[in-house]
Amino acid sequence: MMGPSHALSGAAVWLTGSLALEHFADYEQSTLALAVGTAVCAGGALFPDLDLSGKVTRNQGGATVARTFGVFSLFVAEVIEKVSLGVYYATKLSRDPKRNNGHRTLTHTIPFTVLVGWGTTALCTAYGKWAVVGILFFMIGLALRGLFDRWAERAGWVIVTLASAAGAWYTFANLPGDRGYPMIGLAMGVGCFVHIIGDMVTKAGVPILWPIPIKRRMWTPIGLPNSIALRAGGKTEIVVVRSVLTVVSVLAAIGLVAPSVLERFTTDV
């Protein structure tokens with residue numbers, strides 16, 4: 001699945017989940033908290049693809065999301081890709097094939113998803129708003145690159161970086177600093193998991209069951225049969241999947257924001 005589809009799926013899942021929590025568990029969020037969670041989940045839904053790097057010094061190649069912050073994010077992707085490949089060879093069994101890169105290995109597993117969610121929560125709990133602003137800066141950039149891919153490509157990584165910094169600073173200035181922000185860790189974990197599910201419906205699949213060995217393979221790709229699996233970047237994904245995700249996101253956002261807007265309007269009247 002392509003980057004925009006991943007980002008849209010993260011946003012759609014977070015917004016619909018927030019709407020369900022509000023209606024069935026009376027868990028309300030402020031507009032800012034809702035926007036933060038949506039941005040983090042959309043960015044988190046792109047985070048696993050930072051295992052695909054390119055030519056760092058030339059700012060070329062790799063996953064689109066790896067070029068979000070130019071050479072810096074490509075370098076991060078290079079490190080993640082090499083670590084993923086190292087884990088692959090350290091744990092592979094006899095029937096696991098040889099690989100020359102770590103794409104769709106470690107970052108596309110459940111243990112990685114849990115680690116990211118837990119690690120994000122731990123950072124926010126320990127360092128409060130300073131950790132939040134750093135995480136938001138990175139995640140807002142990924143979300144912008146995914147949700148507004150054409151704009152981000154035209155604008156370039158410098159503009160995307162400045163927009164991410166502005167969004168992170170605004171959040172820093174307006175969120176309270178005496179809390180651990182566990183929802184940010186949850187949003188990161190949910191985003192990563194949504195990414196894995198999205199890749200499972202494509203032909204390549206992902207090793208979601210790692211580290212459980214299956215028939216002398218530790219990295220068994222799990223996904224839909226090729227006859228019904230989506231082709232990444234195909235018309236079905238671009239036209240149908242993205243349209244459905246966009247409609248779901250918009251309807252959920254209206255359901256969350258409209259009642260508060262109407263209540264404020266009637267109060268002012």
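Biologist: Why is R104 called buried?
Modeller: Buried means under 20% relative accessible area, exposed means over 50%, and partly exposed is what falls in between (1.4 Å probe, protein chains only). R104 has a relative accessible area of 16%, so R104 is buried by that cut-off. Keep in mind that this is a predicted model, where local features need pLDDT of at least 70, side-chain atom pairs count only at pLDDT 80 or more, and totals for chains, interfaces and linings use all residues. Residues are numbered from 1 along each chain as its sequence is written, and side-chain values use heavy atoms, with hydrogens and water left out.

Biologist: Where is R104, and what makes its phi worth a look?
Modeller: R104 sits in the loop between α3 and α4. Helices here are DSSP runs of H or I with at least four residues, strands are runs of E with at least two, and both are numbered from the N terminus. The phi of R104 is positive, about 60°, although R104 is not a glycine. Most residues other than glycine have a negative phi, and most peptide bonds are trans.

Biologist: What about R216: buried or exposed?
Modeller: Exposed, because R216 has a relative accessible area of 57%. R216 also has a positive phi, near 60°, and belongs to the loop between α8 and α9.

Biologist: What else is in that loop?
Modeller: P211, for one. The peptide bond from W210 to P211 is cis, with omega near 10°. T220 is in the loop between α8 and α9 too, and T220 counts as buried because its relative accessible area is 18%.

Biologist: Which residues does T220 touch?
Modeller: Contact means heavy atoms within 4.5 Å. Setting aside neighbours within four places in sequence, T220 is in contact with V206, P207 and I214.

Biologist: What makes a group of residues a nonpolar core?
Modeller: The members are buried Ala, Val, Leu, Ile, Met, Phe, Trp, Tyr and Cys residues joined through side-chain atoms within 4.5 Å. The largest such core here has 40 residues, and V40, F47, L50, M139 and I184 have the most contacts inside it. Among the elements giving two or more residues to this core are α2 (31–44) and α8 (182–200). Helix α5 provides the largest share, 9 residues. I184, leaving aside neighbours within four places in sequence, is in contact with V36, V40, T120, C124, V132 and I135.

Biologist: Why does W157 count as partly exposed?
Modeller: Its relative accessible area is 39%, so W157 falls in the middle class.
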